[in-house]
Amino acid sequence: MMRMKKRKRRKRLKNPFQLEMWREAPGAPCGVAMGRSCLCTGGTATETCRLAAMTTLMLIGLAGYLSGYDGTFLFQKPGDKYEHHSYMGMRGFCAFLGSWLVPFAYLTVLDLSKSLSAALLTAALLTFDTGCLTLSQYILLDPILMFFIMAAMLSMVKYNSCANRPFSAPWWFWLSLTGVSLAGALGVKFVGLFIILQVGLNTIADLWYLFGDLSLSLVTVGKHLTARVLCLIVLPLALYTATFAVHFMVLSKSGPGDGFFSSAFQARLSGNNLHNASIPEHLAYGSVITVKNLRMAIGYLHSHRHLYPEGIGARQQQVTTYLHKDYNNLWIIKKHNTNSDPLDPSFPVEFVRHGDIIRLEHKETSRNLHSHYHEAPLTRKHYQVTGYGINGTGDSNDFWRIEVVNRKFGNRIKVLRSRIRLIHLVTGCVLGSSGKVLPKWGWEQLEVTCTPYLKETLNSIWNVEDHINPKLPNISLNVLQPSFPEILLESHMVMIRGNSGLKPKDNEFTSKPWHWPINYQGLRFSGINDTDFRVYLLGNPVVWWLNLLSIALYLLSGSIIAIAIQRGAQLPAEVAGLSQVLLRGGGQVLLGWTLHYFPFFLMGRVLYFHHYFPAMLFSSMLTGILWDTLLRLCAWGLASWPLARGIHVVGILSLLLGTAYSFYLFHPLAYGMVGPLAQDPQSPMAGLRWLDSWDF
Amino acid sequence: MWGFLKRPIVVTADINLSLVALTGMGLLSRLWRLTYPRAVVFDEVYYGQYISFYMKRIFFLDDSGPPFGHMVLALGGYLGGFDGHFLWNRIGAEYSSNVPVWSLRLLPALAGALSVPMAYQIVLELHFSHCAAMGAALLMLIENALITQSRLMLLESVLIFFNLLAVLSYLKFFNCQKHSPFSLSWWFWLTLTGVACSCAVGIKYMGMFTYVLMLAVAAVHAWHLIGDQTLSNVGADVQCCMRQACVGQMGMSQGVCVFCHLLARAVALLVIPVVLYLLFFYVHLILLFRSGPHDQIMSSAFQASLEGGLARITQGQPLEVAFGSQVTLRNVFGKPVPCWLHSHQDTYPMIYENGRGSSHQQQVTCYPFKDVNNWWIVKDPGRHQLVVSSPPRPVRHGDMVQLVHGMTTRSLNTHDVAAPLSPHSQEVSCYIDYNISMPAQNLWRLEIVNRGSDADVWKTILSEVRFVHVNTSAVLKLSGAHLPDWGYRQLEIVGEKLSRGYHESMVWNVEEHRYGASQEQRERERELHSPAQVDVSRNLSFMARFLELQWRMLALRSDDSEHKYSSSPLEWVTLDTNIAYWLHPRTSAQIHLLGNIVIWISGSLALAIYALLSSWYLLRRRRNIHDLPQDAWPRWVLAGALCAGGWAVNYLPFFLMEKTLFLYHYLPALTFQILLLPVVLQHISDHLCRSQLQRSVFSALVVAWYSSACHVSHTLRPLTYGDKSLSPHELKALRWKDSWDILIRKH
C-alpha cells in the first residue's frame with residue numbers, strides 16, 4: 001500500500017521537466033540542443049540523454065518536489081518568465097551545492113599543504129570568481145558536477161592522509177565517501193570520468209607503494225586491494241546502477257524518442273504500442289510490418305519519396321533506417337511471384353516460412369525493396385539498396401530470401417522474437433545498416449546497404465516489430481521483458497551515440513579549448529540588448545590570469561626543484577618540506593587540472609566555455625599552494641626574521657585583497673546588469689571590457 | 001714519420017658476411033622485376049600527380065603529409081629524367097614510354113631493402129644474440145606486405161626506413177655513451193637520430209609517433225644522467241667541455257658536465273629536426289614557383305607570390321584602395337569553396353519555399369568563379385562620383401564606405417529581414433527602392449583586422465577587412481550554405497548580427513583592384529571588362545608562406561568518403577582485410593597488399609607474451625624477487641620500450657583518428673612487432689627453458705615456425721609480385737579468410 005502511494009506521488013513529477021538553459025543568440029546551436037537533449041523530459045524514459053543526467057534529475061527533482069514545483073512549466077526558451085512556477089527550490093538547491101565548493105577546496109588545500117594561508121587563498125579565489133558564482137546560481141548540471149568532483153577530491157586527499165592508520169574508521173569513511181562521490185560525479189555527466197581516472201591513478205600508485213613495502217605481508221596487501229575494489233569500484237557501480245534502476249522505475253511512460261530503443265526496451269514502457277501488446281504471432285503474407293535492426297540505436301527500415309542524388313549509385317528511391325516511428329517505416333510482405341492482394345478474404349492465410357523468397361513493398365510509395373551491383377553511398381564495399389518499381393511491380397532484383405538465424409523457432413517466423421536475415425537473391429548479399437549517417441540529401445538518416453560479406457553481425461539482423469494483419473488473431477506478448485543489465489547497456493549505447501552526434505558547423509564561431517584558460521570569451525546567460533537584464537558567464541579575469549601565470553610558474557619552479565633533488569642536492573629541512581608540498585600536493589592538483597582540461601582537445605563535438613570550470617577549480621587550488629609555498633621559500637631565503645614574516649603576510653594579503661577588489665569590479669556580470677553595453681562610457685561596466693572578445 | 005717504411009701498411013676490414021648477405025637478399029627481393037607491372041598501381045596514381053607537379057615546378061597542396069616524402073619520390077623522377085608529362089588519372093593505366101618507372105620506384109625499393117639489414121643491426125645493438133638479429137632480419141625479408149609496399153612508388157617503406165634508422169642510430173649513440181661520450185661517433189649517431197626523426201616526420205605526419213617515442217626514451221635516459229653524481233654540475237667549466245666536444249677526445253667521461261650532455265641532446269633532438277623540417281618546406285617552395293590547380297585554396301597574397309595565375313592579373317595593381325576604386329572581394333575563410341562577393345540582376349524570391357518572405361531586392365551571393373559581376377566600387381558616402389579623384393584619397397581603418405555593384409550600380413545593403421537560409425542572420429541585398437518605406441541602409445564601416453595601427457590604409461591583397469553595418473552593426477559574412485536553384489546554387493551571404501568573436505568567414509580581402517576612371521556607366525562597364533595595369537610587386541617572406549602553407553595543410557579536411565578498401569584499426573592486428581592494388585587487364589595476375597599471416601599473428605602473440613612477462617617480472621621485483629640476471633633486465637626493458645613502445649605509438653593513435661584508414665597505415669607498427677618477435681623468442685629460450693633439452697625442443701619449434709612463415713610467404717608470392725596468373729581455383733584456395741577480397745574473374 002505504501003509503495004503504491006509513493007509511486008503515485010512520483011508520477012506528479014513526470015511532466016516535461018527540463019532544466020534552465022540559455023542560448024547566446026537566437027538559434028545559436030548551443031542552447032537549445034543543450035537543454036533539450038541533456039535534460040530528460042521526465043516521465044518519458046526514452047530521452048536521448050547525452051549526459052547521464054540521472055542523479056541530477058532526481059536530486060533536482062526532489063528539490064523541486066519539496067518546494068512544490070508542479071512540473072508544468074515547459075523550459076523551452078531562455079528568458080521565458082517563470083511566472084507563477086516555483087523555481088526557487090531548484091535554484092536554491094543548485095546554489096547550495098555550488099557554495100560547498102569553497103569549503104571543499106579550502107579543506108583539500110589545507111590537507112595537501114598544511115598551510116592555512118594557502119587554503120585561505122584558494123578559498124578566496126573561488127569565492128571571488130564570478131564564473132563559479134554565475135554557474136552556481138542557476139538550474140544547471142555544472143554546480144552539481146563540480147560538487148561531486150570536489151567531494152571526491154577532498155575525500156581522496158583525506159583518506160591519503162589516513163594512510164598511516166589503515167582500516168581505521170576514518171579511513172573507511174573517507175574511502176567509501178570517495179566511492180560515493182565518484183558515483184555522483186559520473187551520474188551527472190560523463191565528464192565525471194576524469195575524476196574517476198584521477199582517483200584511479202592515485203589508487204594504483206598507492207597500491208604499488210604498498211606492494212613494494214616488504215614489511216607488509218601479501219595478505220595485508222590483498223586486504224588493501226579488496227577494500228579499494230569494494231569502495232571504489234563496487235560501491236560506485238552499485239550506486240550508479242541503482243540510480244538508473246530508480247530512473248527506469250520512475251520514468252515508465254512512453255515518449256517521443258522510443259524509436260531509439262530496441263523492441264524489447266519499448267515493451268516495458270507504458271503507453272508504447274508494444275506495452276502489453278497483442279499482435280499476431282506469426283508472420284503471414286500480406287501483413288503490414290515494421291522491420292527493426294537488432295543493433296542498438298539503428299532504427300527501422302525506412303524509405304521515402306526522395307531519390308538518391310545524381311552520382312550516387314542508381315537514381316532510385318532512397319532506403320534508410322530511421323530512429324523515429326513513422327508511417328514510412330511500414331512495409332508489406334508479399335510473395336515474390338504474385339502481385340495479388342493477399343488480404344483478399346477469399347484466400348486462406350499463408351504464413352511466411354524460413355527460407356521463403358519474398359518481396360517487401362513499401363506501403364506509402366508502393367516500391368519494392370531492391371538491390372543491385374552499385375556501390376552503396378558511404379560504404380563503398382557494399383551494394384546500394386533502393387526502392388524500385390511502380391505499384392509493386394519491379395524486377396528480379398526485388399527478391400529476398402528470408403532466413404531465421406539459428407532456426408530455433410521452427411518453420412514459421414515469429415514477430416518480435418525471430419532474428420531474421422534478408423538475403424538478396426541475385427547478388428547473394430545481406431541486407432544491413434552500416435550505422436553511418438547519410439549527408440543532407442538523405443535527411444541525416446542512417447545508410448542501408450547490402451553487404452556481400454556474409455559475416456554475422458548485428459547490423460544485418462533484423463526483427464519484425466509491428467505486425468498488422470486483420471486476418472490473424474492477436475495474442476498477448478509478455479515474453480519481452482528485458483533484464484536490467486540489458487536496459488542499462490542499451491540506454492548507455494543510445495546516449496553515447498547521441499553525444500558523438502553533436503558536431504560543430506564549419507562557418508560558425510565555436511569555443512575552442514585554448515580559449516578557456518585565458519578567459520577569451522564568456523557565455524551570455526540571458527539578455528542581449530542594453531535594456532535587458534543581462535547575466536554573462538565570465539571568469540573573474542584577475543583570478544583566471546593569476547591561475548594561468550601560476551601554472552607556468554609551477555612548471556618552472558617544480559622542475560627546478562625536481563632537478564635539484566635528482567642531482568642529489570642537500571636541501572635544508574624547511575626547504576625540503578616545502579618542496580615536498582610543492583611536488584606532491586601541487587602535483588596531485590596539477591594532474592587534476594590536466595585530466596579535466598586536455599581531453600577536450602581530442603573531442604570532436606561542440607564545446608562550451610563552461611566545460612572548463614572543473615579544471616578551473618583545480619587550477620585555483622594549484623595557485624593557492626604555489627603562491628603560499630613560493631612566498632614561504634622567499635621568506636626563508638631572506639634571513640632577517642621580521643622582514644621575512646612580513647613578506648609572506650603581505651604577499652598573501654595583497655593577493656586576497658586584489659581578488660576581492662576585482663570581484664567588486666566584476667560582480668555585475670554574475671548578479672546581473674542593466675543599462676548600456678560596456679563600450680558605452682555610461683555603462684556600469686565601462687572600462688572593464690579588457691578584451692575585445694568579451695561581449696557584455 | 002717514416003713509420004710506414006718500417007712497418008707494412010695493413011688494412012684490416014671486418015666484413016660481416018651475414019649482413020652483406022641480408023642486404024643482398026633484401027635488394028633481390030625488392031628490386032626483382034621492379035618495372036613490372038608497367039602500369040599505375042593503386043596509390044601511385046595519387047603520388048604520381050605530385051611527382052609530375054615537381055617536374056613541372058607547379059605549386060600544389062597536399063594535406064597527406066609534409067613535402068619531404070613527395071620530394072624523395074620526385075628525386076627518383078629527376079634522376080630518371082622524367083618530364084612530368086603523364087596523366088595520372090586511373091589505376092591500371094599503362095605508363096607511357098617517357099615515364100622512367102624503374103628509377104621512380106627505385107628509392108622506395110632501396111629503402112625497403114635496407115630495412116632488412118637495419119633490423120639485424122637494431123636487434124644486435126639491443127644486445128641480443130646474432131641469431132635473434134638474423135631472425136628479425138629474415139622475418140623482415142619475407143614479410144609480403146612490406147615487399148609489396150616497397151616495390152611501388154609509395155612512401156611507407158621510406159617512412160619505415162627512417163623510423164628504423166632513428167631507432168638504430170639512437171641505440172648506437174646510447175651504446176657510445178657508456179664508453180666514449182663526445183667522441184666523433186657519439187656526435188655522428190646523435191645527430192643522425194635527429195636527422196632521421198625529422199626525415200620521418202617530413203615524409204608523413206605519422207613519423208611524429210616515432211619521434212615522440214625517441215624523445216621520451218632520450219628524456220628518460222637524460223633524467224638518469226642528471227641523477228648520475230659522478231658527472232660534474234652545471235658549475236663546471238663549460239668552455240672546457242665545449243673544447244672537448246670540438247676536439248672529440250675519447251674517454252673523457254669524467255669531468256664533463258651534465259649541462260653539456262643535456263645541451264647536446266637538446267640541439268640534436270629538438271633544434272636540428274625543426275630546422276630540417278623548415279628546410280624541407282624551403283626547398284619545396286623554392287622548387288615550386290609556378291601557379292597551379294591548388295592556388296585557389298591559398299590566400300590572395302600567397303597566390304600573388306607564385307609565377308603566373310593571380311600574379312599575372314594583380315601584377316600591375318595599385319596598392320592602396322581609394323574612394324572610387326574598383327575591387328573584387330574574396331572571402332578569407334573560403335569554405336566550402338573559395339569565392340568572391342557577387343551580385344546579379346536577379347532578386348530574392350518574394351516568398352521562400354518555407355513560407356517566409358524576403359525583401360525581394362537584388363541577390364548578393366558568393367561566387368566561386370571569376371566573373372565581371374564580382375566587381376564592386378568603393379564609394380565615399382558623402383560624394384556622388386564613382387571615380388578616383390586625383391590625388392587618390394585612400395580608405396583607412398574605421399572609414400565609412402558604400403559598396404556599389406559595378407554592373408548594376410546598386411549598393412550593398414542589409415536590413416532587418418531574415419536571410420534566406422540562415423534565418424537568425426540578416427539578409428544582404430543590393431538595394432532596390434520599391435518605395436515601401438524600407439529605406440536604404442547601405443553604410444558600412446571598414447575594419448582592417450590585421451592593421452598595424454588604427455590609421456592603416458586599406459591595401460590590396462594584404463589587408464584583411466571586415467565590413468560592419470553602421471545601422472545594425474551586423475557583419476558581412478559567408479554563411480557556407482548553398483542557395484537553392486533561384487540563387488543558382490551560389491553561396492549565401494548574410495549579415496551576422498551577433499558577431500561572437502573573430503571568425504575568418506567574416507573577413508574579406510581585395511584581390512583584383514584598379515582605380516576607376518570612367519564617369520559613365522557604359523564606359524565603366526567596358527572598363528570592368530578590361531584587365532588592370534600599373535605596377536607594384538610584392539613578395540611574401542618565407543616564414544609567412546611556410547606558416548600559411550602549413551596551416552592550410554593541417555586545416556584542409558578532405559571529405560572522408562569511404563574507400564572501398566578502407567579498414568578499421570581493429571582489423572589490422574589479425575589481418576582481416578587486404579587491399580587489391582592492381583589487376584592485370586587481361587589475365588588474373590594481381591597485386592595485393594596482403595601480409596604474411598603467420599608473422600602477423602605471431603607478432604601479436606609475442607607482444608602479448610611480452611606484456612604478460614613484463615608485468616609478472618615487475619610485480620616480483622617490487623617484492624624484491626629478481627628473476628632475471630642483473631644485465632638481462634635493463635636489456636629486456638629497453639627492447640620493450642623501443643619495440644613494444646614503437647608498436648604502441650604507431651598503432652594506438654589510429655583509434656582516435658577520424659580519417660579514412662587503410663591497412664598500410666599499420667606497416668610501421670608491424671615492423672616494430674617484427675623486431676620484438678625474436679627478442680621474445682630469445683628471452684624464452686634463455687630464461688624460461690630450464691634444461692638443455694627444452695632449449696633444443698624450443699629451437700626446433702622456432703625453426704618449424706619459421707619455415708611455415710616461409711611457406712606462407714612463398715604461397716602468397718603471386719599476389720605480392722603479381723607476376724603469375726593464377727586460375728580461379730587457385731585464387732579461391734588463397735582466400736584463407738572470408739574478409740579477404742581476392743579478385744576472381746568471371747568468364
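Colleague: Where in chain B does B:H503 lie?

Modeller: B:H503 sits in a loop of chain B, between strand 11 (491-496) and strand 12 (508-515). Keep in mind that this is a predicted model.

Colleague: Why is B:H503 called buried?

Modeller: Buried means under 20% relative accessible area. B:H503 has a relative accessible area of 11%, so B:H503 is buried.

Colleague: What makes the pair of B:H503 and B:S505 a polar contact?

Modeller: The pair joins the side chain of B:H503 to the side chain of B:S505, at 2.8 Å. The cut-off for N or O atoms is within 3.5 Å, and one must be able to donate a hydrogen and the other to accept it. The pair therefore counts as a polar contact.

Colleague: Now a lysine. Where is B:K204?

Modeller: B:K204 is in the loop between helix 9 (184-203) and helix 10 (207-227) of chain B.

Colleague: How do you know whether B:K204 is buried or exposed?

Modeller: Exposed would need over 50%, and buried needs under 20%. B:K204 has 8% relative accessibility, so B:K204 counts as buried.

Colleague: What does the side chain of B:K204 make a polar contact with?

Modeller: The partner is the side chain of B:E156, at 2.8 Å. That value is within the 3.5 Å limit.

Colleague: Which residues is B:K204 in contact with, leaving aside neighbours within four places in sequence?

Modeller: They are B:Y47, B:P66, B:L155, B:E156, B:L159 and B:Y664. Contact here means heavy atoms within 4.5 Å.

Colleague: On to B:P569. Which helix holds B:P569?

Modeller: B:P569 is placed in helix 17 (residues 569-573) of chain B.

Colleague: Why does B:P569 count as buried?

Modeller: Its relative accessibility is 9%. The limit for buried is under 20%, so the label applies to B:P569.

Colleague: What does B:P569 touch, not counting residues up to four places away in sequence?

Modeller: B:P569 touches B:Y651, B:F654, B:F655 and B:L661. As for B:P338, B:P569 is 231 residues apart from B:P338 in sequence and 34 Å apart in space, C-alpha to C-alpha.

Colleague: Switch to chain A. Where is A:C231 found, and what does A:C231 touch?

Modeller: A:C231 is in helix 11 (residues 218-250) of chain A. Not counting residues up to four places away in sequence, A:C231 touches A:W172, A:L175, A:S176, A:G179 and A:P236.

Colleague: What makes A:C231 buried?

Modeller: A relative accessible area of 7%. Buried is under 20%, so A:C231 is buried.

Colleague: How far is A:C231 from A:S460?

Modeller: Their C-alpha atoms are separated by 41 Å. Along the chain, A:C231 and A:S460 are 229 residues apart.

Colleague: Why are helix 4 and helix 5 of chain A called roughly parallel to each other?

Modeller: Helix 4 (residues 88-99) and helix 5 (residues 101-113) of chain A pack at about 15 degrees, with axes 4 Å apart. Angles under 35 degrees count as roughly parallel. Helix 4 and helix 5 of chain A are therefore roughly parallel.

Colleague: Which residues meet there?

Modeller: From helix 4 of chain A come A:L97, A:G98 and A:S99, and from helix 5 of chain A come A:L101, A:V102 and A:P103. The contact residues divide into 4 nonpolar, 2 polar and no charged.

Colleague: Which residues of each chain are listed as "domain: MIR"?

Modeller: In chain A, UniProt (unreviewed entry) gives 280-336, 349-405 and 410-467. In chain B, UniProt (unreviewed entry) lists 318-381, 392-449 and 453-513.

Colleague: What is the helix and strand content of residues 280-336 and 349-405 of chain A?

Modeller: Residues 280-336 of chain A are 0% helix and 46% strand, with end C-alpha atoms 22 Å apart. Residues 349-405 of chain A are 0% helix and 44% strand, with ends 24 Å apart, again by C-alpha atoms.

Colleague: And residues 318-381 of chain B: how far apart are the end C-alpha atoms?

Modeller: They are 22 Å apart, and the span is 0% helix and 41% strand.

Methods. Residues are numbered from 1 along each chain as its sequence is written. Chains are lettered from A and ligands numbered from 1 in the order in which they are written. This is a predicted model: local features need pLDDT of at least 70, side-chain atom pairs count only at pLDDT 80 or more; totals for chains, interfaces and linings use all residues. Side-chain values use heavy atoms; hydrogens and water are left out. Axes are lines fitted to C-alpha atoms, for helices over the stretch in contact, and angles run from 0 to 180 degrees between N-to-C directions. Helices (H or I, at least four residues) and strands (E, at least two) are DSSP runs, numbered from the N terminus. Angles under 35 degrees count as roughly parallel, over 145 as roughly antiparallel, 65 to 115 as roughly perpendicular and the rest as oblique. Ala, Val, Leu, Ile, Met, Phe, Trp, Tyr, Cys and Pro count as nonpolar, Asp, Glu, Lys and Arg as charged, and the others, Gly among them, as polar. Buried means under 20% relative accessible area, exposed over 50%, partly exposed in between (1.4 Å probe, protein chains only). UniProt positions are given in the numbering used here, feature names are shortened, and annotations may be inferred rather than shown by experiment.
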